[in-house]
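Thanks for asking me to look this one over.

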Amino acid sequence: MPPRRNPSLISLATFDPVAEVDHDEWREAAQAQDVEDTSDEAEAAASLCERCERFDIQSFARSPSRRRGYMLKEVEMSARDGCEFCSLLLDAVKDVERPTYFYTTFFNNQKATNPDLYVHMTVSMSYRDDKASLMAPGLRANRLLIQLGDQFSEVRNQSEHEICLAADPSSPAALNEDIIGRYFGSDPSSELYYETARNWIQDCLTHSKCNETVSGSTRIDPHFSPLPSRVIEVTREGGRQRLYLRNTEGLQGAYITLTHRWNDGTELCKTTTENYEERLLGGEFGELPQLFWDAFVITEKLGIKYIWIDSICIIQKGDDYVDWGREAPKMAQYYQFSIFTLAGTAEDMSKGVLHQQVEDITPWVSNLVRLPYRDKMNALDGHFYVYRRRTSLVDEYISQIRSSILFKRGWILQEWLLSKRLLWYTPHGLFYECQQELPRAYDQSQLVFNRASLDLRKHLQLKASFHFSNMNILNFWYHALEVYSGQHLTKPEKDRIMALSGLAKEVGMILANPKRRIAAQINLQKEIYVAGLWLRDLHYGLLWEQDHSAQAWATKVEEVPSWSFASLMTPVRWPERAKGTQPAFKLNGVCLGRHGEHDDPDYFVFDNHIVRPANATVATAQFNPENSLACLHLRGKLHTVHVRGCLDTEENLRNAALSTAYNTVPKSCNWRAICSAFRPEVIAGWGSLEQMRSDKITCADFGVAIYALHVSTRYLRHGIWLKTSDPVLDVLFVECVEQIDGKGQVYRRFGVGRIADGDLIREFEGAEERNIRLI
């Protein structure tokens, strides 16, 4: 083994060149270069075959497809002889299915042929087919796509291995912008990490979506933004770091926001009425978590003066939550206007985010292969590196960010969606995310949408679709709620609606601006938002269902009405919207506050979402993203049905789903059979009754009577040439909790379901409309 070189700040240069590179020529007779080898180049050549010693990265630029190839037989031979680059290529294609090739005879028959196979290599920037990069001064490559196929056809099978290209920052390959992949080592406090963060942020300042509010109402200059009511000033006095809690009083500037998980350490350092004055004077801030100290270092290193941390900048104790109630609704502004949000995703944050990473967490799982670098003049000028990535970039993003414990916090959803830029400090390295482009990673690579899994695509689309240009912003809203409903809150009774208030404010402004005009004057009072749902879309919003994979709920949020998803701490989902769906009940009024009785509404409702005070003593309705109290005054059809046993076979679930136009047939769930009281032997539909505990014996015989409220009618369509459609009823199952003489009854939600049986539907049609209060 060759001797180890002296360590340097650039980690790639500290590793042995155990493997070398590959060159690609379509069996062209490449002429040997008369180059006087240095000792380093000589030891690199010792582990490369003759062809790979002549590797020329510039040959890819001469190909319109940026693709070159090696004959598979020659790769196999060179790998056996010890060529490390050929070994890397062979390992990449060993599990790739060999393509099958045919030719057509004179009699139009197909006969198999057996052409020589080639290992195709295509250089790219993060697998992107970016035509703009063709105008760049260099190749700007960090990935090598490996495929197996014949020499000329387009029939090629792709390797699953993620092969990366990297160069030391000061090397000719990097300076000429031919190789843009990097590895900066395992120390996140190194200057290379800070330089990378600065470059990412600077590039983002040209992005239109990253420099305006989500609603398009305000342009943002992150270096000159309105500061939060309070910030922590990070300064230097006498050569040491000093902290001050500052009341900003309308000042503008640049600041960072920190997102974090609350724990015992957070409790010890939070701001209270007792330590507030002392912190204004630069007094002690208590036993700060290491994460906070690291955040102050990052703030200072990046040349930013202020940072906002909720536990310190909001008074948390001693004022009966007055300051918290005033500041929490402003978080939409705080996260959007900050220069970036800082986040640490490790499960154990006791060491902060700037500690040295575990040494064996390097990006590569293969040998680190060193290939010769030739410039555009064909002069040998140093080297660059090739390796197989330990974990694909998309999988690493999922494991280090999307599946991290931090992302299980209820508050993180709006912090992630509202932040224009995020720096994620993970156990594997630094990631960067902004509003306009896909996430980037510490090795200077970028996620590519078409290489992501379906779940990751939905996750990425969620952030991308949160913008005023989205004409279906309510679809975004329900997708966000589905994610949010499965996240954890320490104080759900206080935070269940509040943790969505920032998102609600921006969505409300988008809804109130139907023509999507930038910087338009928006009247938010037109939008009524109650307990997490929008009055304008209430018929659909009421149809939430407990997620089929969820455990039985354990916590009920008493401060939230039963008809809202937020009333239960459980993951929920909404059905797909169906074209032609018709609302069934009429919303006549709404109460927007707590009432001991539910006789009359505070506001009358017109056109389903326009409200007017019911009498002169009621103030004009104000948009309130924190509103968690509401009673709905409806007029609609209520009918008694019977709930029977669980639909616990795949056949029963399939029949129930297909007959009720339920698009995705569940493999397992807690659906129960719904029947008419007059025909208990016929399954008329299904019910997802989250308030009825799962007991397969209960109500299995004749069923238990329950009220069903007709919410809307969708249609099950049949046929290709002769098209027909059958009605399907969306219903809420409710229970009566109060009788009001002459004014109807008060009900609570019990579950949701669908009814497709024609006879039971006719029973609904024959039922009389009645006044209903839903609480």
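1. C591 is buried, with a relative accessible area of 1%; buried here means under 20% relative accessible area, exposed over 50% and partly exposed in between, with a 1.4 Å probe and protein chains only. Its sulfur sits 4.9 Å from the closest cysteine sulfur, that of C631, which is too far for a bond. Please keep in mind that this is a predicted model, in which local features need pLDDT of at least 70, side-chain atom pairs count only at pLDDT 80 or more, and totals for chains, interfaces and linings use all residues. Residues are numbered from 1 along each chain as its sequence is written, and side-chain values use heavy atoms, with hydrogens and water left out.

2. How many disulfides does a search of the whole structure find? The search finds zero, taking a disulfide as a pair of cysteine sulfur atoms within 2.5 Å. C434 is accordingly in no disulfide, and the nearest cysteine sulfur, in C210, is 3.7 Å away. C434 also counts as buried, at 5% relative accessibility.

3. R409 is found in the loop between α14 (393–402) and α15 (412–418). Helices (H or I, at least four residues) and strands (E, at least two) are DSSP runs, numbered from the N terminus.

4. What does the side chain of R409 reach? It reaches the backbone oxygen of H260, at 3.1 Å. Apart from neighbours within four places in sequence, R409 is in contact (heavy atoms within 4.5 Å) with T259, H260, R261, E415, Q487 and H488.

5. Now to the open spaces. The largest pocket holds about 1,600 Å³ of space. On a 1 Å grid over the protein atoms alone, a pocket is an open set of points with protein on both sides within 12 Å along at least five of seven lines, a cavity is a set where a 1.4 Å probe fits but cannot get out, and lining residues have an atom within 4 Å of a point. Points are joined across faces, edges and corners, and a volume is the space filled by probe spheres set on them.

6. Of the 49 residues lining the largest pocket, K458, H479, E482, D547 and R573 lie nearest its centre. Elements that each supply at least two lining residues include α16 (454–464), α17 (473–485) and β32 (704–718). By class, this lining has 20 nonpolar, 17 polar and twelve charged residues; Ala, Val, Leu, Ile, Met, Phe, Trp, Tyr, Cys and Pro count as nonpolar, Asp, Glu, Lys and Arg as charged, and the others, Gly among them, as polar.

7. The second largest pocket has a volume of about 730 Å³. Its lining numbers 28 residues, with R140, N199, W200, D203 and Q444 nearest the centre. Helix α7 gives the most to this lining, six residues.

8. Two cavities of 30 Å³ or more turn up in a search of the whole structure. The largest cavity has about 80 Å³ of space, and R573, W574 and P575 are among the residues that line it. Strand β34 (residues 744–755) provides the largest share of that lining, three residues. The second largest cavity has about 60 Å³, and its lining includes Y183, R389, R390 and Y442.

Note on methods:
Polar contact = N/O pair within 3.5 Å; in protein donor to acceptor, adjacent residues only side chain to side chain.
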